[in-house]
Amino acid sequence: MKNLFAIRDLHVFYGPIHAIKGISLEIKEEGELVSLIGANGAGKTTIMHCISGLLRPRQGQIVYNGLDLLKVKPEDILATGLAQVPEGRRIFTRLSVEDNLEMGAYTRTKKSEVKRDIREILERFPRLSERRNQPAGTLSGGEQQMLAIARALMSRPKLLLMDEPSMGLAPLLVKEVFDLIQELRSEGTTILLVEQNARMALSIADRAYVLETGRIVHEGIASEMLEDERIREAYLGT
Amino acid sequence: MTYFILQFLNGLQIGAIYALVALGYTMVYGIIKLINFAHGEIMMTAAYFIYFFMTLLDLPYFLAVILAIVFSVVLGVLIERIAYRRLRNASRLSALITAIAVSLFLQTLYAILFTPDPRAFPLTASSFPVLEIGEITLSSWTLITIVVAVIVMILLQLFVTRHKAGKAMLVVSEDLKGAYLMGIKVDRIVSMTFAIGSALAAIAAALYIVSYPQITPYMGALPGIKAFIAAVLGGIGLIPGAMLGGFLLGLVETMTRAYIPSSVAQLSEGIVFVILILVLLLKPAGLLGKSEREKV
């Protein structure tokens, strides 16, 4: 069977620096939650930028639904069904919460459907609903993360890329974000979760890849990796 | 007191024109971080368009202005396509030098085509009725200019806060990469921004040449520079900043000219620059700008 999503032998250079040294990664089927874990500077966000077309790799392939993503312009990636919750949230601080959601649905043309989705999303995120007319820059970190996720959902993605959604959040909020990820997954959204928080990521993922300085050093079933001595020592600190 | 009110209105009038031109600078800077030094020349070419439509085609002023807006929009969009687009990822200095080149090119082109001799614009403020409000007598054109400019600015503000494409423009200006992630067609938004900026410059030209009815290939340079200063004064990249900066600059300039002895009247131009330097020393990001460190 063909994979839903695959990265093959990806190489990225920043000038003379060989940042990504031939990584391969797959999402085998719809509804799968795959996690890419690694420390700061391992190259996680670099890979995400390649997927969203913001960065061109020197070599390799990124295929989604049989489509060569490296040939798609960055602004057309979203229309293929692939949305991103970017690192650092990248919410639009000067726009209101509601306008941020509207921008998430920018490529959709049916106004009435978009309006209905905004209503539904706001029901799902009551705290965003309370602040719907506030500039998004005035939200707290946790609320901004929720907004970034909600905004990505507005395009009705088939594959959701999440780049460090737990970054900079208090433990309670991290749990909230991970609960939400599980909820989305149970609704059938395929998710690629990039995380530094290995324990949390492994506890909810189906499969996982461990990235270390531009190379995949481990891969496997997430629950087995949680039990693996070497991984526990190196990434979970136990 | 009447003298003060009169000068105040005059200041608002020229300030409104600076504000319209400043909006073009600030919006373009906001989205592609380019100081479009050819923006003043859009104003100049618009003035020529209006002049020729009126004198050669015998069109009424209003119709000539509408046509000039259309032509200026086309010119502005073409300049971006031909000169700036391929430099989008080049160093800012290369783009800046290109903008200066486009500015000089248009000035020279018009000087060759239409000679550098000034042409008198057929319609002047004196052809509009004089208003007498209490002890103040002023041309109705002064009020028309202010009202038209304010209406245009309100429309622009509604567009960027209510319309999807207007919001997308704010998104591109805040976070280009984020805009790509939303599927926003950035090139189209950039073209749209040049189109709006050029339309505003053409409207500014239409208002300007009635009060200063002399058309030359270099007429865009000084108002262009002042509008640029206005944009920086208010906080470059910020639409409300350009409006505030424009009005403020017009007021300062008119007031200094009105209240300093005429023997040193030339100083008023200099005072504008002194104010700019002071503001930038105290608030480097402009009056409405927040000092932010640049994000990677």
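A nonpolar core is understood here as a set of buried Ala, Val, Leu, Ile, Met, Phe, Trp, Tyr and Cys residues that are joined through C-beta atoms within 7 Å. In the structure described below, which is a predicted model, the largest such core holds 164 residues, and those that touch the most other members are A19(B), A47(B), I50(B), A204(B) and A205(B). The largest share of this core, 17 residues, is supplied by helix α8 of chain B, which covers residues 186-211. For A204(B), once its neighbours within four places in sequence are set aside, the contacts are with I17(B), L20(B), V21(B) and M43(B). As a general background to such an arrangement, nonpolar side chains tend to be buried together in soluble globular proteins.

The confidence scores of the prediction are as follows. For the model, ipTM is 0.91 and pTM is 0.90. In chain B the mean pLDDT is 92, and 98% of the residues of that chain reach 70 or more. It should be kept in mind that, where pLDDT is low, predicted coordinates should not be read in detail.

Chain A is built from nine helices and ten strands. Its radius of gyration is 18 Å, close to the 18 Å that the globule rule gives for 238 residues, so chain A is as compact as a globular protein of that length. The C-alpha trace of chain A extends over about 45 × 40 × 35 Å along its principal axes, and 45% of the 238 residues of the chain count as buried. When contacts in chain A between residues at least 6 apart in sequence are considered, 65% of them join residues that are at least 24 apart.

The strands of chain A include an open sheet of four, arranged in the order β2-β1-β4-β5 with antiparallel pairing. The edges of this sheet are formed by β2 (17-27) and β5 (67-68) of chain A, each of which has a single partner strand, so that one side of each is left without a neighbour in the sheet. Strand β1 of chain A, residues 5-14, runs antiparallel to β2(A) and is joined to it by eight bridges. Within this pairing, L10(A) is placed opposite I23(A) of β2(A), and F13(A) is placed opposite H18(A) of β2(A). The hairpin formed by β1(A) and β2(A) has two residues between the strands, and in this hairpin G15(A) adopts a positive phi near 60°.

A further open sheet of chain A has six strands in the order β6-β7-β8-β3-β9-β10, and its pairing is mixed. Here the edge positions are taken by β6 (82-85) and β10 (215-221) of chain A, each with a single partner strand, so one side of each lacks a neighbour in the sheet. From one strand to the next, the twist of this sheet averages 15°. Strands β7 (residues 159-163) and β8 (residues 190-195) of chain A run parallel and are joined by five bridges, with L161(A) having L192(A) in β8(A) as its bridge partner.

Helix α1 of chain A, residues 44-51, lies across β3 (33-37), β6, β7, β8 and β9 (207-212) of chain A, and its direction makes an angle of about 145° with β7(A). Helix α5 of chain A, residues 141-153, lies across β6 and β7 of chain A and runs at about 170° to β6(A).

Positive phi values are also found in chain A at residues other than glycine. One of these is R156(A), with phi near 50°, which is located in the loop between α5 and β7 of chain A. R156(A) has 15 other C-beta atoms within 10 Å and is partly exposed. Another is E164(A), for which phi is likewise positive and near 50°, and which is situated in the loop between β7 and α6 (171-186) of chain A. E164(A), in contrast, has 23 C-beta neighbours inside 10 Å and counts as buried, the cut-off for a buried residue being 20 or more.

The contact between the chains involves 16 residues of chain B and 19 residues of chain A. On the side of chain B that touches chain A, the elements that contribute two or more residues are α6 (164-174) and α7 (176-181) of chain B. The most is given by α6(B), with six residues.

How values were computed:
Residues numbered from 1 in each chain as written. Chains lettered and ligands numbered in written order. Predicted model: local features only at pLDDT ≥ 70, side-chain atom pairs only at ≥ 80, totals over all residues. Rg over C-alpha atoms; globule rule 2.2 N^0.38 Å. Buried ≥ 20, exposed ≤ 12 C-beta atoms within 10 Å, placed from the backbone. Contact = placed C-beta atoms within 7 Å. Pairing = 2+ DSSP bridges. pLDDT = per-residue confidence, 0-100. Axes fitted to C-alpha atoms, helices over the stretch in contact; angles between N-to-C directions.
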